[in-house]
Amino acid sequence: MSIACCLPVVECVYCLACTRWVWQRCLHTTGYDSETWGLASSGEFEPVPRLCRFILAVYEDDLETPQWAPPGGYGIEPRWVVRRRTPEHAQGRAPTYLLYVDHRHADVVLAVRGMDMAKESDYAVLLDNRIGQAGFDGGYVHNGLLKAAEWVLDAECDALRDLLATNPGYTLTFAGHSLGSGVAAMLALLAVRDRERLGGVERRRIRCFAMAPPRCMSLNLAVRYADVINSVILQDDFLPRTDIPLEDIIKSLFCLPCLLCGNCLIATCIPESVMLRDPRRLYAPGRLYHIVERKPFRTIRVCGV
């Protein structure tokens, strides 16, 4: 209609919005996002490579005869594995996870794998959320991830309590990748809130490492639990950065132009300060570590905030 009136106002606004959105999302490297952050120390980042190998081990069906082990192996003693649970065990309520006692590092680890693209149950967990649907401790969290974490904690609560009692002084670590990192972050929230269920374990002994996490908790919770939850983001990783709800990303497979159109206009017309004031808006959990690969000499920089 605006073209017919020789006033293509709507078209111009839409084109400008899309241009701005593309520049921000595609051309602006996230190396600039963390350039003012402090550098992470080697001590605080030390568990990350080890836990990444543990998470990779969850993808194996048999750790005695691994098929996809990285150079140097997974660093796991199969005899220290307590149990491995698949979505079939969980009746589709949670992704595959592994419960392991790392006696070398005095750590009880519950590692959760990332999304299995062939499992409808993983999509169901991801899509089970609406803005402001699930409240938690004065904030908001992703409903599907919270329910998955509740199922895992109910199933493993007794085992975790016994392992911590048998191994006094051991830390309790939840780790995961992608979808699994969201479940791990929710597990950390539940464990801190219900520490008595785990034998009264101290908060300082509970920690979470979320690799490439989705946005799963409101800003106030991310700040309040930053001493427990650590999010690790590699370079320009899409999932932790996108402000598009996870359920909309999956639905966009059927209507990608509609999603992009709406998101372009929202990002252009609504100031970031207004979005920050929305208590229902979800963010990556806890303390953030950003791994930046610089060019041309490809130097690695790990920043933490």
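Visitor: What is a salt bridge, as the term is used here?

Guide: A salt bridge is a side-chain nitrogen of Lys or Arg within 4 Å of a carboxyl oxygen of Asp or Glu. Side chains of opposite charge can pair when their charged atoms come close. In this predicted model, arginine 197 and aspartate 154 form such a bridge, with their closest N and O atoms 3.0 Å apart.

Visitor: Which parts of the chain does that pair tie together?

Guide: Aspartate 154 is in helix 5, while arginine 197 sits in the loop between helix 6 (179-193) and strand 8 (206-211), so the bridge joins parts 43 residues apart in sequence. Arginine 197 is partly exposed at 31% relative accessibility. Aspartate 154 counts as exposed because its value is 52% and the cut-off for exposed is over 50%.

Visitor: How many salt bridges are there by this rule?

Guide: The count is 18. Another of them pairs lysine 147 with aspartate 128, at 2.7 Å from N to O. This pair links distant parts of the chain, 19 residues apart: lysine 147 belongs to helix 5 (residues 143-166), and aspartate 128 to the loop between helix 4 (120-127) and strand 5 (134-136).

Visitor: Where do arginine 161 and aspartate 158 lie?

Guide: Both are in helix 5, three residues apart, which is about one turn of the helix. Arginine 161 is partly exposed at 30%, and aspartate 158 is partly exposed at 46%.

Visitor: Which residues are linked in a network of salt bridges?

Guide: Glu46, Arg50, Asp102, Asp107 and Arg207 are linked in this way.

Terms used
Residues are numbered from 1 along each chain as its sequence is written. This is a predicted model: local features need pLDDT of at least 70, side-chain atom pairs count only at pLDDT 80 or more; totals for chains, interfaces and linings use all residues. Side-chain values use heavy atoms; hydrogens and water are left out. Helices (H or I, at least four residues) and strands (E, at least two) are DSSP runs, numbered from the N terminus. Buried means under 20% relative accessible area, exposed over 50%, partly exposed in between (1.4 Å probe, protein chains only).
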